[in-house]
Amino acid sequence: DPVPGIHFEVTVVDFASLYPSAIRNWNLSYDTLLCKHEDCKTNLIPGTTHWVCTHRHGMTSELIGSLRDLRVLWYKPKAKDKSLSADMRQYYNVTQQALKVFLNASYGVFGAESFPLYCPPLAESTAAVGRFAMAEAGRISEEMGVEVLYGDTDSVFLAHPTPEQTDTLVKWADDALGIDLEVEKTYRYAIFSKRKKNYLGVYKDGRMDIKGLTGKKRHIPPILQGAFVRLTDILSNVQTMDEFPYAKEEIKSLVVEIHTKLKNKNFKIEEVAFQMQLGKPLKAYDTNPQHVKAARMLVEMGHEIAQGDIIRYVVTKNDVKPSIIAETKDVDIKKYEEYLESTFEQLLDALDMSFDALVGRPQQKSLSAFFG
């Protein structure tokens, strides 16, 4: 789980092709799991009751292992080889990305009943090896005195490890697991909320790495998108922990400014319009989500609407309206206040700031406050 808060000098180490490597190194295949050899029954997958055959190599292990090695040992390094032309690097990068997609899908299919080689123990075993690798990486890091801030799929977030500690961890992964562990990125600082897969990292050059945060999503209204961009600009300029009190004051001013604009209806309709693309023809929708409702209203008004069109709409007190016919008085301000809160709350939590307190809203008291 993530350690909420602000953390400086965060290094992210990443297992290269974790699941394909697990399949290769542990000889995982539909024809090696739960074999009939008595002496193999002690060769258990960590965290499961499944064992793997020690007498034969599995077809899946050989095939996926070969493709994994081809990607990691050839195409991926070539994609970063500065001695090659940009076009050739692009060619190698596209190829390694295509192999990555195929490899990442290669274990999940064994848990799908529609797959001819359906084998739930294989899917379970692959995930179990992945969990084991992540847990062991965390344990070894902590034994070296390095705090583990978060683990996400195949990446481990470490609090200011030394280069020597990182090298030791990489060597351990190679020796103990046979899986390549590499430094993927280093943040000047990272902000974690309590939610998984929701964090913000700031690289040393000020660039942002935003994962799972609402404000990054393209369909949200420009007034919220713009506020989120300004928020990230404030955070990208923070160099030290001592600068955070000033950054928090700027964030407070920003939240109050946008909240006041909404409350006073001091905006243009285009600023509060959501925009969603129609993924299929309008007649093909069995459900009636907001952008489809707005699209059907446009059709009734005589507009031609086709698959792929961008539908812009405003949330109103009654439902939704296409932005071209909506007026400021139609806008459901309470809903937009909720959208503003959800856009900011993920980061405000990590910064120990309360949206309610910033906008002067009464804060809900806990039962302990009433009963002492």
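Visitor: Before we start, what are the ground rules?
Guide: The model is predicted, so local features need pLDDT of at least 70 and side-chain atom pairs count only at pLDDT 80 or more, while totals for chains, interfaces and linings use all residues. Residues are numbered from 1 along each chain as its sequence is written, and side-chain values use heavy atoms, with hydrogens and water left out.

Visitor: Thanks! What is the strand order in the open sheet of 6 strands?
Guide: The order is 2-3-1-4-5-6, with antiparallel pairing. Strands here are DSSP E runs of at least two residues, and helices are H or I runs of at least four, numbered from the N terminus; two strands pair if DSSP finds at least two bridges between them.

Visitor: Which strands stand at the edges?
Guide: Strand 2 (148–152) and strand 6 (208–211); each has a single partner strand, so one side of each lacks a neighbour in the sheet.

Visitor: And how many bridges join strand 2 and strand 3?
Guide: They pair in the antiparallel sense over 4 bridges, and V148 stands opposite L158 in strand 3.

Visitor: Switching topic: which residues have the most contacts inside the largest nonpolar core?
Guide: I191, L235, F244 and I251, in a core of 53 residues. Such a core is a set of buried Ala, Val, Leu, Ile, Met, Phe, Trp, Tyr and Cys residues joined through side-chain atoms within 4.5 Å, where buried means under 20% relative accessible area (1.4 Å probe, protein chains only).

Visitor: What does L235 touch?
Guide: Among others, Y189, L200, M208 and L347, leaving out residues up to four places away in sequence; contact means heavy atoms within 4.5 Å.

Technical notes. Buried < 20%, exposed > 50% of the residue type's maximum accessible area, 1.4 Å probe, protein only.
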